[in-house]
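Subject: Structure handover

Hello,

Here is the structure for you to look over. My notes on what was found follow below it.

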Amino acid sequence: MEKTKQDFLLLAANASLEAGRAIMAVYDNKEADFHIELKPDDSPLTVADKESNRIIVPRLSTTGLPVLSEESKIVPYEERQSWQKLWIVDPLDGTKEFIKRNGEFTVNIALVESHTPVMGVIYVPALKELYWGIVGHGAGKITQCGYDRPFADTGSLLNASTPLPCKRDGRGMVVVASRSHLNDATQQFINDLVSRHGDISTVSKGSSLKFCLVAEGNADIYPRFAPTMEWDTAAGQAIAMAAGCKVTLADMSGTLSYNRVDLLNPSFIVYNSKLNLGTR
């Protein structure tokens, strides 16, 4: 593993923990006002999103790399197109789940090189779970990862990790779908899977936890036919790929790329590499 990526992993992990602390300070305060605003696309924004962003961006900026964050002003493509290496951040992925107080929200931090995610960190503050992956070097999960205990070095982070994927009890195909965006196209895809593979089970999750379920082996496939942005998927894609999974466009013509002119993702599928999906 390159030393630079070790350094980046440690930095991103600790930044996500510190952001998680700030998020949970709002979440755990039952009297707190989330100060919910609606962005131009009608997605919600809370004080926790802003506070997480305020913490993460300066810490990542110490690397000298640009940061593309959902909650920062988006730099025009004319300037971004020269960025061959950058951070892509969602300070609070799953804001709807945060508002519902169901715990299914995450902090997403990804390192992207030449339009491809090469490292990702996803922290789940409500569960105190940290997922990480470096493409070509493996992925891991840390449980009981408190946001009050930053990692002193990369070695302590790696030693606390369980390698991904893990072995799953039971058999049968498991499909993970969005808790808030299960649309007709996704349902039709699931129906097609049933017709080809027989009975399957489905599980619903919010935020980038859907990537994590496939990466750790607790689900086999995650089809996404509803809108997502680059910051929703970059960290999850890196972790899934580092765990040996595939991330392809829905038509199987390629994979998701990043720092594009249009930051809106096309439809995609995340799946266990042992599955043969063929062409669609």
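M252 is partly exposed, at 23% relative accessibility. Keep in mind that this is a predicted model. M252 sits in the loop between β13 (246-249) and β14 (268-271). Its phi is positive, at about 65°, although M252 is not a glycine.

S114 also belongs on this list. It has a phi near 50°, a positive value in a residue other than glycine. The loop that holds S114 runs between β5 (106-113) and β6 (116-124). S114 counts as partly exposed, with a relative accessibility of 47%.

Then there is a peptide bond to check. The one from L164 to P165 is cis, and its omega is near 0°. P165 is in the loop between β9 (162-164) and β10 (173-178).

Why list these at all? Most residues other than glycine have a negative phi, and most peptide bonds are trans.

**The second largest pocket**

P165 turns up again here. Along with C166, G217, N272 and K274, P165 lies nearest the centre of the second largest pocket. The lining has 14 residues in total. By class, six of them are nonpolar, four are polar and four are charged. The space in this pocket comes to about 270 Å³.

**Cysteines**

How many disulfides are there? The count is zero. A disulfide is a covalent bond between the sulfur atoms of two cysteines. The cut-off used here is a pair of cysteine sulfur atoms within 2.5 Å.

Two cysteines show how the distances work out. For C145, the closest cysteine sulfur is in C212, 13 Å away, so the gap is too far for a bond. For C245, the closest cysteine sulfur is also in C212. That distance is 11 Å, again too far for a bond.

Are these two cysteines buried or exposed? C145 is buried, with a relative accessible area of 3%. C245 counts as buried too, at 11% relative accessibility.

**Where to look**

- M252 and S114, for their positive phi values.
- The step from L164 to P165, for the cis peptide bond.
- C145 and C245, each with its closest cysteine sulfur in C212.

Best wishes

Notes. Residues are numbered from 1 along each chain as its sequence is written. This is a predicted model: local features need pLDDT of at least 70, side-chain atom pairs count only at pLDDT 80 or more; totals for chains, interfaces and linings use all residues. Side-chain values use heavy atoms; hydrogens and water are left out. Buried means under 20% relative accessible area, exposed over 50%, partly exposed in between (1.4 Å probe, protein chains only). On a 1 Å grid over the protein atoms alone, a cavity is a set of points where a 1.4 Å probe fits but cannot get out, and a pocket is an open set with protein on both sides within 12 Å along at least five of seven lines; lining residues have an atom within 4 Å of a point. Grid points are joined across faces, edges and corners, and a volume is the space filled by probe spheres set on the points. Ala, Val, Leu, Ile, Met, Phe, Trp, Tyr, Cys and Pro count as nonpolar, Asp, Glu, Lys and Arg as charged, and the others, Gly among them, as polar. Helices (H or I, at least four residues) and strands (E, at least two) are DSSP runs, numbered from the N terminus.
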